[in-house]
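Welcome! Please take a moment with the sequence and the 3D view before reading on.

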Amino acid sequence: MVERNTCKTDISWNLQSRFNRLMDLDGIVDFIFGEEFYVDNIRRDDYEEENSLIIFEVSKISCLTMDLDKENSYGQCPIYYEDELIANSLEEFLRKMDQTPNYYR
């Protein structure tokens, strides 16, 4: 019985902690410099790679990134969830999300 209640609590916490939103330019800058909402954000240490740009907040602890070092001849950069390639470009990511939200999980 206790396990079942714990499970429900964990599920509700996971659902409430998910943001699932594209970051606007101000949010990206605030994240990079640790300002506003991101002053004490624990994720910042995990996303400090020089040519990796945070573009989408999945939850309180994870984000999607764009690898600027891997730009193709069309100016498109691949999108990653953790270390896993989930789309070859922002356009492909948005098309996939339109068809199946949260496809990358």
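What follows is a short walk through this chain.

This is a predicted model, so to speak plainly about limits: local features need pLDDT of at least 70, side-chain atom pairs count only at pLDDT 80 or more, and totals for chains, interfaces and linings use all residues. Residues are numbered from 1 along each chain as its sequence is written, and side-chain values use heavy atoms, with hydrogens and water left out.

Let us begin with the overall layout. The chain has three helices and five strands, where helices (H or I, at least four residues) and strands (E, at least two) are DSSP runs numbered from the N terminus. Read from the N terminus, the order is α-β-α-β-β-β-β-α. Of its 105 residues, 32% count as buried, meaning under 20% relative accessible area, while exposed means over 50% and partly exposed lies in between (1.4 Å probe, protein chains only).

Now look at helix α2, residues 25-33, where Gly 27, Ile 28, Asp 30 and Phe 31 are buried. These four sit on the same side of α2 because they cover an arc of only 165 degrees around the axis, the arc being that of the directions from the helix axis to the C-beta atoms. On the face turned away from that buried side, you will find the exposed residues Leu 25, Asp 26 and Phe 33.

Next, move to the loop between β5 and α3 (90-99), which holds Ser 89. Ser 89 counts as buried because its relative accessibility is 7%. Its C-alpha atom is separated by 5.2 Å from that of Gln 76, 13 residues apart along the chain.
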